[in-house]
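Subject: Structure handover

Hello,

The structure is below for you to look over. My notes on it follow.

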Amino acid sequence: MKLAFLDDFKLGVVAGDKVVDVTDVVKNIPRLEPQDVMRGVIERFDALKDRLVDAAAKGHGKPVSQVRLRPPLLKPENIICMAVNYMEDGTLPEPAPMNAFMKSPSAIIGDGDTMVLPDMAASVFEGEAEFAVVIGKKASHVQAKDAMKYVFGYTNFIDGSARGVVPPTNVFYQMKSRDTFAPIGPYLVTADEIKDPQKLAIVLTNNGTVMQKFNSDDMAHKIPRCIEWVTSIHTLLPGDILATGTNHRGLNPFMDGDKIELTTEGLGTLHIKVKDKHKRTWARITRLKHKESGAQGVHTPQTGGKYMK
């Protein structure tokens with residue numbers, strides 16, 4: 001099942017190119033805000049599933065193109081992002097040590113929304129193509145062999161990043177938790193629809209050009225191990241997000257006016273725009289192409305706009 005919020009955060013079920021409003025099914029879930037509704041659905045899914053399926057089958061669907069899809073998870077209590085969690089197309093000799101960081105829930109935006117590049121000195125702005133695991137039940141000290149029982153579903157995730165932050169202290173916090181730096185969606189896909197999350201094609205395009213193209217089978221630390229490690233540190237709750245990392249070789253500068261599309265196999269396509277009032281520019285080149293050119297540094301240098309050195 002593909003669960004979505006539409007327009008003013010009505011709960012919907014997406015089928016093909018249509019979405020059906022099923023809010024009547026969840027009207028008794030206590031709520032203060034949309035996150036309470038989706039968390040309630042996740043926690044009560046076994047009891048609600050048949051009613052949601054029935055409501056979706058009988059309801060009058062609207063074309064997805066005629067509604068505004070909102071973030072399927074508006075304010076999860078935890079957004080955990082795995083760091084350096086791909087083998088970079090098999091080019092790394094061994095997995096990097098397991099590492100992660102937290103991202104502020106206020107960073108979340110949804111399909112059709114805009115990532116706003118902040119007024120700050122940064123060497124480049126990038127967005128990492130990822131997909132995220134959505135936790136289905138309270139998880140603490142979970143063993144890897146049991147970890148997939150705690151997965152409710154999956155969604156596309158773009159990890160917005162401001163590189164080269166000055167001063168270089170609390171780096172992950174400064175570079176990752178900016179407002180609008182966690183686009184997700186367009187919907188939440190339940191785990192039963194994804195046969196093997198460790199074999200998903202992931203493609204990110206920038207203005208129609210493919211920049212990142214990789215497969216989740218290149219993931220260094222697989223999903224069960226990530227869940228095991230994270231829950232050994234702190235508890236994850238229903239509706240929490242665990243982003244699984246990216247292949248860095250295709251990372252490319254995000255600039256004003258860019259139209260970004262992220263498609264993960266089975267999870268639909270997430271569309272966002274990029275806005276930068278300072279009109280900063282970089283060469284339109286991936287990290288891999290920059291490296292192959294023999295140029296210095298990890299990524300292409302800034303070519304115009306505010307804060308240019």
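I223 lies in helix α4; helices (H or I, at least four residues) and strands (E, at least two) are DSSP runs, numbered from the N terminus. The model is predicted, so local features need pLDDT of at least 70 and side-chain atom pairs count only at pLDDT 80 or more, while totals for chains, interfaces and linings use all residues. Residues are numbered from 1 along each chain as its sequence is written, and side-chain values use heavy atoms, with hydrogens and water left out.

**Helix α4**

I223 has 1% relative accessibility and therefore counts as buried. Buried means under 20% relative accessible area, exposed over 50%, and partly exposed in between (1.4 Å probe, protein chains only). Leaving out residues up to four places away in sequence, I223 touches F131, V133, M148, Y154, P197, Q198 and T244; a contact here means heavy atoms within 4.5 Å. I223 and L270 are 47 residues apart in sequence, and their C-alpha atoms are 22 Å apart in space.

The buried residues of α4 (residues 223-233) are I223, C226, I227, V230 and T231. They cover an arc of only 115° around the axis, which puts them on the same side of α4; the arc is that of the directions from the helix axis to the C-beta atoms. The cover over these buried residues includes β6 (79-82), β10 (124-135), β11 (151-163) and β15 (241-243).

**Strand β6**

Which residues of β6 are buried on one side, and which on the other? I79 and C81 are buried on one side, I80 and M82 on the other, and both faces are covered. Strand β6 runs parallel to β15, joined by 3 bridges, and antiparallel to strand β7 (residues 100-102), also by 3 bridges. Two strands pair if DSSP finds at least two bridges between them. I80 stands opposite L242 in β15, and in β7 the bridge partner of I80 is M102.

In helix α1 (residues 34-43), 7 of the 10 residues are buried, so α1 is largely enclosed by the rest of the structure. The buried residues are P34, Q35, V37, M38, G40, V41 and I42. Among the elements that cover them are β1 (2-6), β2 (10-15), α2 (45-58), β10, β11 and β12 (182-190).

V41 of α1 is buried and also belongs to the largest nonpolar core, which has 89 residues. In that core, L3, V41, L52, F131 and F157 touch the most other members. A nonpolar core is a set of buried Ala, Val, Leu, Ile, Met, Phe, Trp, Tyr and Cys residues joined through side-chain atoms within 4.5 Å. Strand β10 gives the largest share of this core, 8 residues. With residues up to four places away in sequence not counted, V41 touches L3, L11, V26, I29, L48 and L52.

**The open sheet**

An open sheet is formed by 5 strands in the order β9-β17-β16-β13-β14, with mixed pairing. Its edge strands, β9 (114-116) and β14 (209-215), each pair on one side only. On average, neighbouring strands of this sheet are turned by 20° against each other, direction ignored. For this, axes are lines fitted to C-alpha atoms, for helices over the stretch in contact, and angles run from 0 to 180 degrees between N-to-C directions.

Strand β9 pairs with strand β17 (residues 269-275) in the parallel sense over 3 bridges. T114 stands opposite K273 in β17, and V116 stands opposite K275 in β17. Strand β16 (residues 259-264) is antiparallel to β17, with 5 bridges joining the two; I260 has I272 as its bridge partner in β17. β16 and β17 form a hairpin with 4 residues between them, and G266 in the turn has a positive phi of about 90°.

β17 has a covered face, made of L270, I272 and V274, and an uncovered one, made of T269, H271, K273 and K275.

**Whole chain**

The protein chain has 5 helices and 19 strands. Buried residues make up 53% of its 309 residues. Of its contacts with a separation of 6 or more, 75% are between residues 24 or more positions apart. Along the principal axes, the C-alpha atoms fill a box of roughly 60 × 45 × 30 Å. The radius of gyration is 19 Å, which agrees with the value near 19 Å for a compact globule of 309 residues. That radius is taken over C-alpha atoms, and the globule rule is 2.2 Å times the number of residues to the power 0.38.

Regards
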